[in-house]
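This report goes through selected features of one structure, taken element by element.

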Amino acid sequence: AGSEHQVLYIADDNEIRSLYPFNPNSAYEQAFQGDETVRIDAMDAYVKGNIIFWTNWHTGKICYRDLSTPASPTSNRNRREIPGLKMPRGIAVDWVAENIYWTDSGRDVIEVAQIRGENRKTLISGMIDEPHAVVVDPLR
C-alpha cells in the first residue's frame with residue numbers, strides 16, 4: 001500500500017480521531033468517542049487486526065476496540081478491557097508475536113499479554129519506579 005493509505009490516529013482526552021496524512025482529500029474523522037470515564041493516556045495500534053489499544057490510568061484499565069466491526073464511534077459495544085491494573089500508562093503492540101506490553105506505574109511493573117489479553121505475565125517488578133512509557137521492536 002502506498003503512503004496515501006497510511007492512517008494517523010490522534011487521541012484527544014476521551015476521543016480517537018483519524019486522518020490520512022498523505023491524502024489531500026482526507027477528513028479529520030472521529031474513530032471512537034468514549035463516555036465520561038474514558039481518558040486516553042497512551043495508545044498503539046495492531047494494524048493487522050484493526051485494533052486500537054489505549055491506557056486509561058484514571059480508571060486503571062487498558063481498553064481496546066476493534067475498528068473493523070460496524071459500530072458507531074460512540075458505541076462501547078466493541079470495546080473490551082484488560083482488568084486488574086492500578087495505573088497503566090504506556091502501551092506498545094508487538095505485531096509480529098501478537099503481544100501487547102504495558103507499564104503500570106501504580107504497581108511499578110511492566111507486563112505482557114497476548115493481543116486479546118490472555119496469558120498475562122509480569123516481566124519486570126520492583127526494579128523500576130513509576131514506569132510511564134514502553135516501545136517494542138518486534139523485528140530484533
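The model is predicted. Strand β1 (residues 8-12) pairs with β2 in the antiparallel sense, over five bridges. Within this pairing, Tyr9 stands opposite Ser18 of β2. On β2's pairing with β3, the two strands run antiparallel and are joined by four bridges. There Ser18 stands opposite Glu29 of β3. Strand β2 is mostly covered, with four of its five residues buried.

Pro21 lies in the loop between β2 (15-19) and β3 (29-33). With a relative accessibility of 40%, Pro21 counts as partly exposed. Apart from neighbours within four places in sequence, Pro21 is in contact with Gln6, Val7 and Leu8. Pro21 and His5 are 16 residues apart in sequence, and their C-alpha atoms are 8.6 Å apart.

**Asn56.** Strand β5 (residues 51-56) includes Asn56. Asn56 has a relative accessible area of 2%, and is therefore buried, the cut-off being under 20%. A polar atom of the Asn56 side chain lies 3.2 Å from the backbone nitrogen of His58. Beyond neighbours within four places in sequence, the contacts of Asn56 are Thr37, Val38, Arg39, Asp41, Lys61 and Pro88.

**Positive phi angles.** Most residues other than glycine have a negative phi. Asn50 is not a glycine, yet has a positive phi of about 55°. Asn50 is found in the loop between β4 (42-46) and β5, and is partly exposed at 29% relative accessible area. Asp108 likewise is not a glycine and has a positive phi of about 55°. The loop that holds Asp108 lies between β9 (99-104) and β10 (109-114), and Asp108 is partly exposed at 23%. In the hairpin of β1 and β2, with two residues between the strands, Asp13 takes a positive phi near 65°.

**Salt bridges.** A search of the whole structure finds seven salt bridges. The table gives three of them.

| Pair | N to O distance |
|---|---|
| Glu111 and Arg120 | 3.2 Å |

Arg39 is partly exposed at 25% relative accessible area, and Asp13 is partly exposed at 42%.

Because Glu81 lies in strand β7 (residues 79-82) and Lys61 in strand β6 (residues 61-66), the pair ties together parts that are 20 residues apart in sequence. Glu81 counts as partly exposed at 34% relative accessibility, as does Lys61 at 29%.

In the pair of Glu111 and Arg120, Glu111 counts as buried at 3% relative accessibility, whereas Arg120 counts as partly exposed at 32%. Salt bridges with shared partners join Asp104, Arg107, Glu111 and Arg120 into one network.

**Surface patch.** Trp95, Val96 and Leu139 form a nonpolar patch on the surface, with about 350 Å² of accessible area together. Val96 is found in the loop between β8 (88-94) and β9, and counts as partly exposed at 47% relative accessibility.

Note on methods:
Residues are numbered from 1 along each chain as its sequence is written. This is a predicted model: local features need pLDDT of at least 70, side-chain atom pairs count only at pLDDT 80 or more; totals for chains, interfaces and linings use all residues. Side-chain values use heavy atoms; hydrogens and water are left out. Buried means under 20% relative accessible area, exposed over 50%, partly exposed in between (1.4 Å probe, protein chains only). A polar contact is a pair of N or O atoms within 3.5 Å; within protein, one must be able to donate a hydrogen and the other to accept it, and residues adjacent in sequence count only if both atoms are side-chain atoms. Contact means heavy atoms within 4.5 Å. Two strands pair if DSSP finds at least two bridges between them. Patches are made of residues with over 30% relative accessible area and no salt bridge: like charges are joined within 9 Å, nonpolar side chains (Val, Leu, Ile, Met, Phe, Trp, Tyr) within 5 Å. Accessible areas come from the Shrake-Rupley method with a 1.4 Å probe; for residues, only the protein chains shown count as cover. A salt bridge is a side-chain nitrogen of Lys or Arg within 4 Å of a carboxyl oxygen of Asp or Glu.
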